[in-house]
Amino acid sequence: MSTNVIMPQLGESVIEGTVSKWLKHEGDHINEFDPIMEVNTDKVDTEVPAPATGTLLKVYVAEGVTVASGTLLAVIGQSGEALPPAESESGHGFGSAPAPSSAPVVPPVTAAPTTSASTAVPGAQTRDLGFISPVVARLAAEFQVDLQQVQGTGQGGRITKKDVQTYLAQRPAAPAAAAEADLPPWEKPGEGDLFRPTELQFAQGQPAPTSSPAAAPPSPSVAADFIPVAGMRKLIAEHMVRSAATAPHVTTVFEADLSAVLAHQTAHQAAYARDGVTLTLTAYFVAAAVAALRAVPLVNSQWAGDKILLKHELNIGLAVSLDEGLIVPVLKRADEKSLLGLARAINDLAQRARAGALQPDEVQGGTFTLTNHGVSGSLLATPIINQPQTGILGVGVMQKRVVVINDAIAIRPMVYLTLTFDHRVLDGAVGDRFMRTLVETLTAWR
């Protein structure tokens, strides 16, 4: 009897995945629990084990295709066994239901709510939209797209991200665009914009609209090598474009004296090491960010069109550099951890991020992000906001510098700290209040 390979739900909030690589091919013999493929969700690749022993009779979903959890991916059976009649599979995880037809079957999931994205046009005929992925719902809400007007080209008429992007490219300019000519230069996108971010420091891998102009092809008279843009680099590029186009970015810069922090680190490093924990400066920055988020909770929020969502949990994303790009694992409920607990969690997340051992849920749910660009020698940067968050803290390299203290010249270990924030949510005074709390926490560390 044949057994179906089903797209698993790899996390509580992960309801779809991309088949990044098939490790076995049609006709291969497979043992139960052997890795059969890799599934990518938010830049995290997870090996999926075979649910049974046998021969891989049929693969229904090609590499690079994104499908919902519960979708039939392949069939395992005995060599020469005929494939059973097609039948829809709606359960999650692995099952042994009959195999599907020659195309993947999308489970009959009710369309996800999309707030303003799915507002119907008065008098327009409505239809059952079927399964709407979080990516499609997010794009529709962001650009106020009525999904009833979008023609789906996916399996069974499902609306894909590409369908929404095509609709946006063909949609007439919004009425508000006609009034743009009357705006002062600093309020026009791309004109005199003093707050345009200048450096791309991190990414979390959420898809982006193709609203930016296409890059010009290289000159044929200049010799060049080409690097394919795919995988993590493609996700980073999409996320950066989406963030820059979504939120008006403002960056405020502060400087902190780390003398007290370094004294505390020197006094406690050995004790932490006995507990198997490396006490890095990152733990202090996270602890100071927690204190600042408690003092100014508006920074721990999300813009939602007609409202601002204040997040109850303090989940700090930590940008980790990999050979192929950047990934942002999330330190959940950071406010409930001591300095030792923060240091231990940071060590663990960084090590598993570099080893490719993160789980999909561990790169989701962040409410604020910290990027330590100083590890590569950078003094100052203006990171791009990790959507849909409101702010990101940038930490430069620590250097001994000459400063004036009580009218006397002194040498102190100094660091530049930046807060890049969404100006729709925060004004400069609020952002500066957050930064003052952070700096005071670091300067007066006990």
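This is a predicted model: local features need pLDDT of at least 70, side-chain atom pairs count only at pLDDT 80 or more; totals for chains, interfaces and linings use all residues.
A crossing of two helices is called left-handed if the near helix is turned anticlockwise from the far one by less than a right angle, and right-handed if clockwise.

Residues are numbered from 1 along each chain as its sequence is written, and side-chain values use heavy atoms, with hydrogens and water left out.

Let's start with H6, residues 281-295, and H8, residues 428-443. Helices here are DSSP runs (H or I, at least four residues), numbered from the N terminus. How far apart are the axes of H6 and H8? They sit 8 Å apart, and the angle is about 135 degrees. Axes are lines fitted to C-alpha atoms over the stretch in contact, and angles run from 0 to 180 degrees between N-to-C directions.

Who touches whom? On the H6 side we have residues including Phe285, Ala288 and Leu293, and on the H8 side, among others, Phe434 and Leu438 (contact means heavy atoms within 4.5 Å).

Now H7, residues 339-354: its axis comes within 9 Å of the H6 axis, crossing at roughly 120 degrees. That makes H6 oblique to H7, and this crossing is right-handed. Among the residues in contact are Val286 of H6 and Ile346 of H7.

Technical notes: Helices (H or I, at least four residues) and strands (E, at least two) are DSSP runs, numbered from the N terminus. Angles under 35 degrees count as roughly parallel, over 145 as roughly antiparallel, 65 to 115 as roughly perpendicular and the rest as oblique.
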